[in-house]
Amino acid sequence: MYVSVALPIPRIPPYTYRLEDYPTIAVGSRVLVPLGRRVMTGTIVEIEVGEVDAVKDVIEVLDDAPSFTPQFVEFAKRIAQYYMCSHGEVLAASLPAGLAPSEIIRVKVIAVPTADELSTMKRKAPKRAALMEVLQAHDADLTISFLQRTLKSTTIADQLDSLQRNGIIEITREMESDKAGKSVRAVSIDAGLAGNEERLQQTFNLLDQKAPKQSLALGLLYLAHERGEPWVSIKSIVKELQCSVSVVESLIDKGLADSENISAYKLESFDSLTSLSQRNELELSPTAEQKIAIEALTSDVASGNFSTTLLEGITGSGKTIVYQRAMLEVVKQGKQVILLVPEISLTPQLFDRFASIFENQVVLIHSKVGLGERIDAWRRARSGEAAVIIGPRSAILTPTSNLGLIIVDEEHDPSYKQTDPAPRYNGRDVAIMRGQIENCPVVLGSATPSLESIHNVHTNRYKHIKLLHRADGAVLPQIEIVDMLKGRKSGTVQGSFSTELLRELVNTTKRNEGALLFLNRRGFSSQLQCIDCGHVPECVNCDVKLTYHKASRSLRCHYCSYHIPAYSACTVCGSVDIKDVGAGTQRVEEELKEFFTATPHVDREIVVERMDADTTSRKGAHRKMLQRFSSGDIDILVGTQMIAKGLDISRVTLVAVMNADQSLFHSDFRASERTLQLLVQVSGRAGRHAGKPGKVVIQTTQPEDHTITTAKDNSLEQWRTEELSVRRQTSYPPYSRFIVITISSADEVAVDHTAQVLTALIPQHSDYYERFPAAAPAIPRVRNRYRKIIVIKNFRHTDPSGAGCRAVLTAALNDYYATYASSAVRVIVDVDANGSI
């Protein structure tokens, strides 16, 4: 049999391989295949293909049952075609890291050169000598990846080849094995003992006298058995009783308990005591608007046909309750739901809200979940055991057995766009693509829908349901705009805070209510600047200024992670007059703590904490911080995007936007749209429950700006009409799509040359598109790679699917790779680019 195998390599089509003695093979199965001198994991995308010359054999079939259904393989193919990447790259991105075994190349020294030989090597071949010194410094075999990281070079192939030909090193290849899911050693009470009341009582009496700890442990197992929970982890028993593992082992040795290694998911159950879900939402009576939405969505689910519905509901209108009712209908049918969220920080609360209804049928799939747990979740989703899959954009690439509904929450959010690596897809658009292929409904939810979705409503591509009122009788918060320029001139601004905001914070904390302070910049300040000469330290690898982090006394680059200690004297002129300029979340947190320490009329300690990438890097950090804030242990939470959307915490009555201008003046045609969405979303965290009205303070230097006043007046409809008119006149999205070709290299001359070549290969004008000249992006150098971009505006009215434009670009890129390509230059194509243009 001849099979077509998709490999995770850019630009290449699936290759044909021969497969013998495997009559039950199916599309979607993972296989190990040779490719040149390498062995790779690929996916069978077609069987019974025609024979080809010089065909190689499949080395091994990795799956007993296919990893992907035929529909999913077709879905991946559609993504590859639209986003101009390879079929294999999409399928590889759909697997957890541990399920895509790769080849490990190891290097071993077999003949140590003499001191004279090494000296000569240093003189004639310094790179080879540097490699040799690293090899000699380690006794064990080293992998190629370790050598590349140590030498900070990806081009060591020639040096390795020379050392191997001279008999100095030996290179071996081996395949890493599939990673197992997370398992836990658990125990259960012996079934015969649990069913014999007389014997059970005798056993407890005996243990009470001779081994009381064992009696307590057996009691825990019996209670779990009575609750219908057959297995209890040994770790949880040890923690609960403050005992040693030997206590549980003794029960096993005596035949009173059985032990087994089982999947961690089988032990997990919904814990209402630590849940971020504040109520049983199934007990709530839906509002009249919610009932209409629920009926419409459950009707779509019952039909089992593809459709796309935009659920536009103001913040606090109960969109999640509508999701839950629709999902119940799906689960009753024995089907599955994928729920996408824009930020990982939103998953703890949403997981709890859905787990309170669907219990252990809910799984989380995202990068912060441990590899073993992720593999378990992936396998449960693929088998159909998990009914509800929650995660960020990557969750849409999770294979399922019977998909019945896809929900994209906060569909407008730019986080749904993947920028690197391939596939560079938009999670919202790919969700609709998958809904078409799987023939299931798709729901897009938002209080501030993207203009693309609004345009699709206007052109009858999407259905449209509106929720215009808050649930529970709550009302939208009052919004106050504070002019920071006027405040600074009048001396009423203290650091980052206006007098108005400080007054509201004091009043909120006196009522023991919660406050959220939003600033989308982590760190202490934007930069350190010398007052005498104006010098600002820059990253050595990127064309950006270093951000000052006061807590660690360091200057950091948020692009490449380069960091240096913060200095107290200017490195250019030697002046000690150094000033920190701008504000980040660290500065806001510190200023607020200092204010409350010095405020005499506050009769208790006010707890201020910060939620950003620096404080939530550890597993479970999001959940713990939200639990403490929800319970009142934290009074004020300062944060970045993590707190700006999706949070539903009843005690939050005050929200502050520390600097509304921050995103307003970005060099992005969507800056106004993004700012408006952000202001509305973050404002919506306040006053979400009746009896606790909310207040929002927006600090800005542009109080009359149309975007700011639109957020205050909630006049989104008028703003959309005006913005869509401008977009139509300028042929900007949603009336076109932008495709950005990024050229990068450590060699600036090579970047310029490649940009000239590609500009020449792509005609400037066509009925389908307009190509702009190559130009430097806003940040010309990142991670020591110089960059140029070529922007193509693809017109939707003449090329609705983009196929015409992609055909021209594919032909140009094929010519480039056939004639002009250099291994030192990287060329990336980003369809529907989301960045600044």
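Two strands pair if DSSP finds at least two bridges between them. The legends below describe a predicted model.

**View 1. Strand 29 pairs with strand 30.** Strand 29 and strand 30 (residues 636-639) run parallel and share four bridges. One of the pairs is Glu609 with Leu637, its bridge partner in strand 30. Helix 21 (residues 621-631) packs on the sheet. This helix touches strand 23, strand 29, strand 30 and strand 31. The direction of helix 21 makes about 145° with that of strand 29.

View 2. The order is 20-32-31-23-30-29, and the pairing is parallel. Strand 20 (478-483) and strand 29 (608-611) stand at the edges. Each has a single partner strand, so one side of each is left without a neighbour in the sheet. On average, neighbouring strands of this sheet are turned by 20° against each other, direction ignored. Helix 19 (residues 499-510) also packs here, touching strand 20, strand 23 (514-518), strand 30, strand 31 (652-657) and strand 32 (695-700). The direction of helix 19 makes about 160° with that of strand 31.

**View 3. Strand 16 has buried residues pointing both ways.** In a regular strand the side chains alternate between the two faces of the sheet. In strand 16 (residues 388-391), Val388 and Ile390 point one way, while Ile389 and Gly391 point the other way. All four are buried. Strand 14 (residues 336-340) pairs with strand 16 in the parallel sense over four bridges. Here Leu340 has Gly391 as its bridge partner. Strand 15 (residues 362-364) also pairs with strand 16 in the parallel sense, over three bridges. From strand 15 the chain passes through helix 15 (residues 371-383) to strand 16, a right-handed β-α-β crossover.

View 4. Gln336 sits in strand 14. Its relative accessibility is 1%, so Gln336 counts as buried. The side chain of Gln336 reaches the backbone oxygen of Ala386 at 2.9 Å.

**View 5. Ile396 belongs to the largest nonpolar core.** This core holds 132 residues. Met327, Phe354, Ile396, Leu405, Ile741 and Ile743 touch the most other members. Helix 1 (residues 70-83) gives the largest share of the core, eight residues. Leaving aside residues up to four places away in sequence, Ile396 touches Phe75, Ile338, Leu340, Ile406, Tyr425, Val430, Ala431 and Arg434.

View 6. His455 lies in helix 17 (residues 451-458). Its relative accessible area is 16%; buried means under 20%, so His455 is buried. Pro734 lies in the loop between helix 24 (716-730) and strand 33 (736-745).

**View 7. Asp420 and Pro421 are joined by a cis peptide bond****.** Omega is near -5° for this bond. Pro421 lies in the loop between strand 17 (403-409) and helix 16 (427-438).

**View 8. Ala54 and Asp832 have positive phi values****.** Ala54 is not a glycine, yet its phi is about 50°. This residue is found in the loop between strand 4 (38-47) and strand 5 (56-57). With 78% relative accessibility, Ala54 counts as exposed. Asp832 has a phi near 60°. Asp832 lies in the segment after strand 37 (826-831). With a relative accessible area of 15%, Asp832 is buried.

Technical notes
Residues are numbered from 1 along each chain as its sequence is written. This is a predicted model: local features need pLDDT of at least 70, side-chain atom pairs count only at pLDDT 80 or more; totals for chains, interfaces and linings use all residues. Side-chain values use heavy atoms; hydrogens and water are left out. Helices (H or I, at least four residues) and strands (E, at least two) are DSSP runs, numbered from the N terminus. Buried means under 20% relative accessible area, exposed over 50%, partly exposed in between (1.4 Å probe, protein chains only). A crossover is right-handed if, with the strands pointing away from the viewer, the path from the first strand over the helix to the second runs clockwise. A polar contact is a pair of N or O atoms within 3.5 Å; within protein, one must be able to donate a hydrogen and the other to accept it, and residues adjacent in sequence count only if both atoms are side-chain atoms. Axes are lines fitted to C-alpha atoms, for helices over the stretch in contact, and angles run from 0 to 180 degrees between N-to-C directions. Contact means heavy atoms within 4.5 Å. A nonpolar core is a set of buried Ala, Val, Leu, Ile, Met, Phe, Trp, Tyr and Cys residues joined through side-chain atoms within 4.5 Å.
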